[in-house]
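This briefing goes through selected parts of one protein chain. Please look at the sequence and the structure before reading the notes.

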Amino acid sequence: MLRVRCLRGGSRGAEAAHLIGAVVGRAVSGWVSRTFRSTSSSAAALPLTADEPVTEHTPEDCPVCAHNEWDPLEEVIVGRAENACVPPFTVEVKANTYEKYWPFYQQYGGQTFPKDHVKKAVTEIEEMCNILQHEGVTVRRPEPIDWSVEYKTPDFTSTGMYAAMPRDILIVVGNEIIEAPMAWRARFFEYRAYRPLIKEYFRRGAKWTTAPKPTMSDELYDQDYPIRTVEDRHKLAAQGKFVTTEFEPCFDAADFIRAGTDIFVQRSQVTNFMGIEWMRRHLAPTYKIHIISFKDPNPMHIDATFNIIGPGLVLSNPDRPCRQIEMFKKAGWTVVTPPTPLIPDNHPLWMSSKWLSMNVLMLDEKRVLVDANETSIQKMFESLGESSVCCDETILSSDAIPHSPALVCVTPAGIKSIKVSIRHANSLGGGFHCWTTDVRRRGTLQSYFL
């Protein structure tokens, strides 16, 4: 059965007071690393000085702690659009982009995205950060890096891309921050932008794990991946054929989504079964990894297809139905179908689909960061409060004497939309969930899927 927490009236004031206190406390305790190294090992030796101690902390003091996608958000990393570069048009990039944009990649691969467009995206993300701070959330940012610099490994040569999508490279599970190995050669060194932050979190008590870094040699990719049309994509996806092979583990963190002790993942163009198995072994036995799949011609990142927004509450993309959806319904989950996105056809989406409208960020169970232009999904969130939620809880009388447990139905007031326009930021490949990694959410580890 599904475990659902009931909301009682009057708790929001206390919650707000707690949140403000937490924000002020962290604002005066931040330490920013002054250097960062290019090591990919979380166990690399870090020279310490008297003012840079590594200390043990209790779980309550740890700066990194999140168990799901909806507990009250206290601290978040927001990506940067600055210096964003078009990735070279390699086989893995071709497999993950739509053919109408292939000439764009062929012409501009290795160069910066259109400067006017990036400038507008930077402005939008700055406003997003301001609004998050206004809502009581501490905002952290990765380092600005010149992504146009060419680099070479023994296996390939490439330029970089950006540090715009923290969700792709970082996932927080409990008090552990995990660096994903990634699957695109253009993103091989993306972790460098986040290392100062991660080292700070580590020194303050967080666990830090870097997944095995793939060589990204030719063997990781199907060099003859037969993709020419949309029909090809559907056929290959239905056959379970992807551009990434099982040569070595690879995954993007955005193919995983958390619900307490249960974590759901898809095999996609950037996440292979070896990568999923690495995560399963690493997180066992506390966490269970569930592989789910969708009728999706181009699977890459789960959060614009299947976005969990509350305990037992999930947005499921109607264009990409989940093949295992009955499993969720039998467990008591509510499956919500989001409305058709309103983004116009002529708006450039070089690296994503229109369904970024459902790529939302929950600030808590009653507040959601949503695109200001997507009025239909805003109305959907408001309407979610019209139906009753039932759960078992102990009823207290006016004299606070407990009575017998009973089934009680409460009607929430709906989910409030915090509106921000990030249309130009969308073009770089992500919505609010993609542009962020939640570092700390106030809550406890629970099971919602039994």
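The model is predicted, so to speak of local features a pLDDT of at least 70 is needed, side-chain atom pairs count only at pLDDT 80 or more, and totals for chains, interfaces and linings use all residues. Residues are numbered from 1 along each chain as its sequence is written, and side-chain values use heavy atoms, with hydrogens and water left out.

**Nonpolar cores**

- The largest nonpolar core holds 94 residues; a core here is a set of buried Ala, Val, Leu, Ile, Met, Phe, Trp, Tyr and Cys residues joined through side-chain atoms within 4.5 Å.
- Buried stands for under 20% relative accessible area, exposed for over 50%, and partly exposed for what lies in between, with a 1.4 Å probe and protein chains only.
- The residues with the most contacts inside this core are F113, M128, L132, L369, L428 and W435.
- Helix α4 (residues 115-134) gives the largest share of this core, 7 residues; helices (H or I, at least four residues) and strands (E, at least two) are DSSP runs numbered from the N terminus.
- Another core, of 31 residues, lies apart from it and includes A259, L313, L315 and V370.
- In soluble globular proteins, nonpolar side chains tend to be buried together.

**Aromatic pairs**

- There are 24 aromatic pairs, where rings of Phe, Tyr and Trp (its six-membered ring) pair if their centres lie within 6.5 Å; planes under 30 degrees apart count as stacked, over 60 as edge-to-face and the rest as tilted.
- F104 and W350 are a stacked pair, because their ring centres are 4.9 Å apart and their planes are at 5°.
- F104 belongs to helix α3 (residues 102-108) and W350 to the loop between β13 (334-336) and β14 (361-364), 246 residues apart.
- W350 also forms a tilted pair with F113, at 5.4 Å centre to centre and 35° between the planes.
- F113 lies in the loop between α3 and α4, so this pair ties together parts 237 residues apart in sequence.
- Both F104 and W350 are buried, and F113 is buried as well.
- A cluster linked by ring pairs contains F89, W102, F104, Y105, Y108, F113 and W350.

**A sheet and its helices**

- An open sheet of 3 strands has the order β5-β6-β7 with mixed pairing; two strands pair if DSSP finds at least two bridges between them.
- β5 (170-173) and β7 are the edge strands, each pairing on one side only.
- Neighbouring strands are turned by 20° against each other on average, direction ignored.
- β5 pairs with β6 (residues 176-179) in the antiparallel sense over 4 bridges, and V173 stands opposite E176 in β6.
- Helix α6 lies across β5, β6 and β7 and runs at about 140° to β7; axes are lines fitted to C-alpha atoms, for helices over the stretch in contact, and angles run from 0 to 180 degrees between N-to-C directions.
- Helix α8 (residues 273-283) packs on the sheet, touching β5, β6 and β7, and its direction makes about 160° with that of β6.

**Two buried loop residues**

- R204 sits in the loop between α6 (195-203) and β7 (207-210), and counts as buried because its relative accessibility is 18%.
- The R204 side chain makes a polar contact with the side chain of E200 at 2.9 Å; such a contact is a pair of N or O atoms within 3.5 Å, within protein one must be able to donate a hydrogen and the other to accept it, and residues adjacent in sequence count only if both atoms are side-chain atoms.
- S217, in the loop between β7 and α7 (230-238), has 6% relative accessibility and therefore counts as buried.
- Neighbours within four places in sequence aside, S217 is in contact (heavy atoms within 4.5 Å) with D155, R185, F247 and E248.
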